[in-house]
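Subject: Structure handover

Hi there,

Here is the structure I promised to pass on. Have a look at it first, and then read on for what turned up.

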Amino acid sequence: MYYNNDTIIFLDGKYVKAAEANADMYSQSLHYGYAVFEGIRTYTQQDGTIKVFKGEEHYKRLQQSCEAVYIPFNYTVEELIDITLKVIELNKLTDAYVRPLVFCPPNMSLQKASSSSLMIAVWSWGAYLGEKLLRVKTSSFTRPNPSGFKIHAKVSGHYVNSILACQEAKSAGFDEALLLDGNGFIAEGPGSNIFLQKDGKLYTPTDANILPGITRATIIEICKQNGIVCEEKNITPQEIQQADSAFLCGTAAEVIGMESIDDYVFPINWSESIGKKIQSLYKNCTIGI
Ligand code: PMP
């Protein structure tokens, strides 16, 4: 699904066949989840060119994630964007998902890495959470504690928490999970941020206990430009149960509406919600309109 015999990835300065690329079985990343990654999309622009959407923001976050967990990483943002476009071209793709992964050499100790490897893979990927409105379950798992993890960094190991929450929701017959933070406020989805609509305004959790997404920042900016009031605040589970509408957002998921949270169905029709408007404004933004 992600690659075939012709697929090319970037690996440590070379463009190589994905099927022939190797990683070391003794990598600290494989054993301890000590790696950082990004999720990016490329979009064909109105004028036909291909652009790495928010490339600078994503690759800065990759650099900052490395720094946060002491993984040495020396690529510049410009180099990373150029490499990404080259991998897209070599795979004859246009609109694709881009997965950079920075991983560490063999080391079974718990010391910081002395060097790192970079791989960048690309593949065609539809909206990660689909196009249908989502039935979401409040998770019994909370997001990692910010005093225990560098939660603003996109570290591979953090995603075990996301897998647990996602699996719990799916096993109970839901489409997706919503996690609370350690203080009991709404945090985020396993791989997305959340916005609620109440009385004509949007609300989203503050960035204290979430991965503050680049899509979330783009939406906050879209709101400013379009006169939509959007407030960042602590949101209780009771508040979401009284919201008019809600949606999740992220690079992979883009903007996707929620039908319900647990057994509460949002009363405003998605097509008449602010979220629907944001969904189309976001789409325009990705293709340079
Ligand atoms: N929260 C989590 C936990 C995520 O994994 C993601 C996806 N990177 C997001 C939020 C959304 O971030 P972005 O908009 O930067 O993709």
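A quick definition before the details: a residue is called buried when its relative accessible area is under 20%, exposed when that area is over 50%, and partly exposed in between. Please also keep in mind that this is a predicted model.

Salt bridges

The whole structure contains seven salt bridges. Here are three of them, with the surroundings of each partner.

In one, E56 pairs with K60, with 3.4 Å between the closest N and O atoms. Both sit in helix α2 (residues 55-68), and because they are four residues apart there, about one helical turn separates them. K60 has a relative accessible area of 38%, so it counts as partly exposed. E56 is partly exposed too, at 43%.

Another joins E232 to R216, whose closest N and O atoms are 2.9 Å apart. This pair connects distant parts of the chain, with E232 in strand β13 (residues 230-232) and R216 in helix α5, 16 residues apart. E232 is partly exposed at 40%, whereas R216 is buried at 5%.

Then there is K283 with E254, where the closest N and O atoms are 3.6 Å apart. K283 belongs to helix α7 (residues 274-286) and E254 to strand β15 (residues 254-261), so this bridge ties together parts that are 29 residues apart in sequence. K283 is partly exposed, with a relative accessible area of 39%, while E254 is buried at 14%. R41 joins these two residues in a network of salt bridges.

Helix α4 (residues 159-171) has 13 residues and spans 18 Å from its first C-alpha to its last, close to the expected 18 Å. Its buried residues are Y159, N161, S162, A165, C166 and A169. Viewed down the helix axis, the buried residues of α4 fall within an arc of 145°, so they line one face. The face turned away from that buried side carries the exposed residues V160, I163 and S171.

Helix α5 (residues 214-225) has 12 residues and reaches 17 Å between its first and last C-alpha atoms, close to the 16 Å expected. Just after α5, G227 adopts a positive phi of about 65°.

Cysteines

How many disulfides does a search of the whole structure find? The search comes back with zero. For C230, the nearest cysteine sulfur is that of C223, 4.5 Å away. C230 counts as partly exposed, at 22% relative accessibility. C249 has its closest cysteine sulfur in C230, at 9.7 Å, which is too far for a bond. C249 counts as buried, with a relative accessibility of 1%.

Surface and loops

A nonpolar patch on the surface is formed by M25, Y26, L30, Y32, M108 and L110, which together have about 720 Å² of accessible area. M25 lies in the loop between β2 (14-17) and α1 (28-32), and at 56% relative accessibility it counts as exposed.

Finally, take a look at Q46, in the loop between β4 (40-44) and β5 (50-52). Q46 is exposed, with a relative accessible area of 61%.

How values were computed
Residues are numbered from 1 along each chain as its sequence is written. This is a predicted model: local features need pLDDT of at least 70, side-chain atom pairs count only at pLDDT 80 or more; totals for chains, interfaces and linings use all residues. Side-chain values use heavy atoms; hydrogens and water are left out. A disulfide is a pair of cysteine sulfur atoms within 2.5 Å. Buried means under 20% relative accessible area, exposed over 50%, partly exposed in between (1.4 Å probe, protein chains only). Patches are made of residues with over 30% relative accessible area and no salt bridge: like charges are joined within 9 Å, nonpolar side chains (Val, Leu, Ile, Met, Phe, Trp, Tyr) within 5 Å. Accessible areas come from the Shrake-Rupley method with a 1.4 Å probe; for residues, only the protein chains shown count as cover. A salt bridge is a side-chain nitrogen of Lys or Arg within 4 Å of a carboxyl oxygen of Asp or Glu. Helices (H or I, at least four residues) and strands (E, at least two) are DSSP runs, numbered from the N terminus. The expected span of a helix is 1.5 Å times one less than its number of residues. The arc is that of the directions from the helix axis to the C-beta atoms.
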